[in-house]
Amino acid sequence: MPTLVSQHPDIVVIESFAYNPYPFAEGALTTHWLRLASIVDTIKEKLPDAKIVIAATIAPNEQVFGDGALNWDQIGKAQKVRTIKNYLDNAVGFAKGEHLPLADAYHASLDSADNGKLAYINPGDHIHYSDAGRALFANVVANAIASNRLLE
């Protein structure tokens, strides 16, 4: 598979890495922030004309997280969902702090109880996107590109 840099994209979307994060321990969010910064720095160095968007993916749902695939107890689900949300919040904060365009599907996918809306979550594993979740994410990214005039 060719490298991203070799493809010379006009726009690079960097996703939050929240669902497959570093182990959550002291300093984990700082490490996450620094790794996002390193990715941005590399893109700016190797692709100076490329526009960068930071994307925060859909929210997890603590009540059903992993049901059908992981089948964790409620404590395990709650811990994993808290970790994912911490990384999602960190990615949002990174985009804002670095003044980069943000495609925030995370907040757009939360319900009134601060859980991921089930309509956006795959009912087979309760982790990945449903078709509606993929559509939401795509629309949020497209809107971020358009509202930040990245195609001009």
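Me: Is K85 buried, partly exposed or exposed, and what is its relative accessible area?

Reply: This is a predicted model, so the answer is a value computed from it. Buried means under 20% relative accessible area. K85 has a relative accessible area of 12%, so K85 is buried.

Me: Which residue forms a salt bridge with K85?

Reply: A salt bridge pairs a side-chain nitrogen of Lys or Arg with a carboxyl oxygen of Asp or Glu. Here the partner of K85 is D114, and their closest N and O atoms are 3.6 Å apart. K85 lies in helix α3 and D114 in the loop between α4 (105–108) and α5 (131–147), so the bridge ties together parts that are 29 residues apart in sequence. D114 counts as partly exposed, at 41% relative accessibility.

Me: How many salt bridges does a search of the whole structure find?

Reply: The search finds five. One of them joins D67 and K77, with 2.7 Å between the closest N and O atoms. This pair also links distant parts of the chain: D67 is in the loop between β2 (51–56) and α3 (74–97), K77 is in helix α3, and they are 10 residues apart.

Me: Are D67 and K77 buried, partly exposed or exposed?

Reply: Take each residue in turn. D67 is partly exposed at 21% relative accessibility. K77, at 5%, is buried.

Me: What about the pair of E45 and K46: how far apart are the closest N and O atoms?

Reply: They are 4.0 Å apart, and the two residues form a salt bridge. Exposed means over 50% relative accessible area. E45 has 59% relative accessibility, so E45 counts as exposed. K46, with a relative accessible area of 47%, is partly exposed.

Me: Now the nonpolar residues. How many residues does the largest nonpolar core have, and which of them have the most contacts inside it?

Reply: A nonpolar core is built from buried residues such as Ala, Val, Leu and Ile, joined through side-chain atoms. The largest one here has 29 residues, and V53, I58 and A103 have the most contacts inside it. Two or more residues come from each of β2, α3, α4 and α5. Helix α5 gives the most, with six residues.

Me: What does I58 touch, leaving aside residues up to four places away in sequence?

Reply: With those left out, the residues that I58 touches include Y19, L88, A105, Y106, I121 and L136. Also among them are S109, H128 and G133.

Me: Which residues are included in the second core?

Reply: That core is separate and has 13 residues, among them L47, A50, I54 and A91.

Definitions and conventions
Residues are numbered from 1 along each chain as its sequence is written. This is a predicted model: local features need pLDDT of at least 70, side-chain atom pairs count only at pLDDT 80 or more; totals for chains, interfaces and linings use all residues. Side-chain values use heavy atoms; hydrogens and water are left out. Buried means under 20% relative accessible area, exposed over 50%, partly exposed in between (1.4 Å probe, protein chains only). Helices (H or I, at least four residues) and strands (E, at least two) are DSSP runs, numbered from the N terminus. A nonpolar core is a set of buried Ala, Val, Leu, Ile, Met, Phe, Trp, Tyr and Cys residues joined through side-chain atoms within 4.5 Å. Contact means heavy atoms within 4.5 Å.
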